[in-house]
Amino acid sequence: MTQEPDTAARVLVAGIGNLFLGDDGFGPEVVRRLARADGMPPQARVVDYGIRGMHLAYDLLDGYDALVLVDAYPGGGVPGEVTVLRIGVEDLGTGEFDAHGMNPVAVLANLDQLGGTLPLTYLVGCTPAGVEEGIGLSEAVDKAVPEAIQAVHTLVRQLVPAASLNSAEPRRP
């Protein structure tokens, strides 16, 4: 089921995952390539969080209207399959927050404990072939990176109101 996104003034695109665990490095690889390429509006901030969950949590307190997570997603598909999901508070349940780890469910589920609220949230995920120790994506997941980049661009274009594309504040580092 595909649902049209709502609009947002500021969007955080967060690559998450451990690049030392094979395909778990999917999110960081996608945002690295996004950051090198042009085409993101100034309202979108692209960050490689890796496994820094607390950093993501604190950045979300900065008033983002939308969050696009990019991560390996063991959704049961074939390796390299890209999935886009809308995530709500009801999808999170509870999770034990580890300030030194990156369990995205726990980070988002416990955001209210830090005084924040979950913004409009999407996941651009990719089914991993393996998350064993090792650096580098499998062939199937590496081939999915351009599709994921396109999915992020599509989401951001839908989330950022067209009228504000030319009058927005400059992109933050």
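In the predicted model, isoleucine 135 counts as exposed because its relative accessibility is 66%, a value above the 50% cut-off for that class. The residue is placed in the loop that runs between β5 and α5. Together with Leu19 and Phe20, Ile135 makes a nonpolar surface patch of about 320 Å². For the chain as a whole, the exposed surface comes to about 8800 Å², of which 53% is supplied by carbon and sulfur atoms.

The chain is built from 5 helices and 5 strands, and these elements follow one another along the sequence in the pattern β-α-β-α-β-β-α-α-β-α. Of its 173 residues, 47% count as buried. When contacts between residues at least 6 apart in sequence are considered, 82% of them join residues that are at least 24 apart.

In soluble globular proteins, nonpolar side chains tend to be buried together. In this model the largest nonpolar core has 27 residues, and Val13, Val124 and Val152 are those with the most contacts inside it. Two or more residues of this core are given by each of β1 (11-16), α1 (26-36), β3 (66-72), β5 (120-126) and α5 (139-159), and α5 gives the most, with 10 residues. The surroundings of valine 152 can be described in detail: residues up to four places away in sequence being left out, valine 152 touches Val13, Leu34, Met40, Val68, Val70 and Val124.

Although glycine 125 and valine 70 are 55 residues apart along the chain, their C-alpha atoms are separated by 5.7 Å. When neighbours within four places in sequence are set aside, the contacts of glycine 125 are with Phe26, Asp71, Tyr73, Glu81, Val82 and Thr83.

Burial in helix α2 was examined next. The buried residues there are Gly53, Leu56, Ala57, Asp59 and Leu60; seen down the axis of α2, these buried residues fall within an arc of 165 degrees, so they line one face of the helix.

Side chains of opposite charge can pair when their charged atoms come close, and a search of the whole structure finds 7 salt bridges. Because aspartate 59 lies in helix α2 (residues 53-60) and arginine 45 in strand β2 (residues 44-50), the pair ties together parts that are 14 residues apart in sequence. Both partners fall under the 20% limit for burial, since the relative accessibility of aspartate 59 is 13% and that of arginine 45 is 15%.

Other salt bridges are formed within a helix. An α-helix has 3.6 residues a turn, so residues three or four places apart point the same way. Arginine 33 and glutamate 29 both belong to helix α1, where they are 4 residues apart, about one turn of the helix, and their side chains meet in a salt bridge with an N to O distance of 2.7 Å. Arginine 33 counts as partly exposed because its relative accessibility is 22%, whereas glutamate 29, at 17%, counts as buried.

In helix α5, glutamate 139 and lysine 143 are likewise placed 4 residues apart, about one turn of the helix, and they form a salt bridge in which the closest N and O atoms are 3.0 Å apart. Glutamate 139 counts as exposed, with a relative accessibility of 59%, and lysine 143 is also exposed, its relative accessible area being 59%. Beyond such individual pairs, salt bridges that share partners join Glu29, Arg32, Arg33, Asp48 and Asp142 into one network.

Terms used. Residues numbered from 1 in each chain as written. Predicted model: local features only at pLDDT ≥ 70, side-chain atom pairs only at ≥ 80, totals over all residues. Heavy atoms only, no water. Core = buried A, V, L, I, M, F, W, Y, C linked by side-chain atoms within 4.5 Å. Buried < 20%, exposed > 50% of the residue type's maximum accessible area, 1.4 Å probe, protein only. Contact = heavy atoms within 4.5 Å. Patch = residues over 30% accessible without salt bridge, like charges linked within 9 Å, V, L, I, M, F, W, Y side chains within 5 Å. Areas by Shrake-Rupley, 256 points an atom, 1.4 Å probe, with all protein chains shown as cover. Salt bridge = Lys/Arg side-chain N within 4 Å of Asp/Glu carboxyl O. Arc of directions from axis to C-beta.
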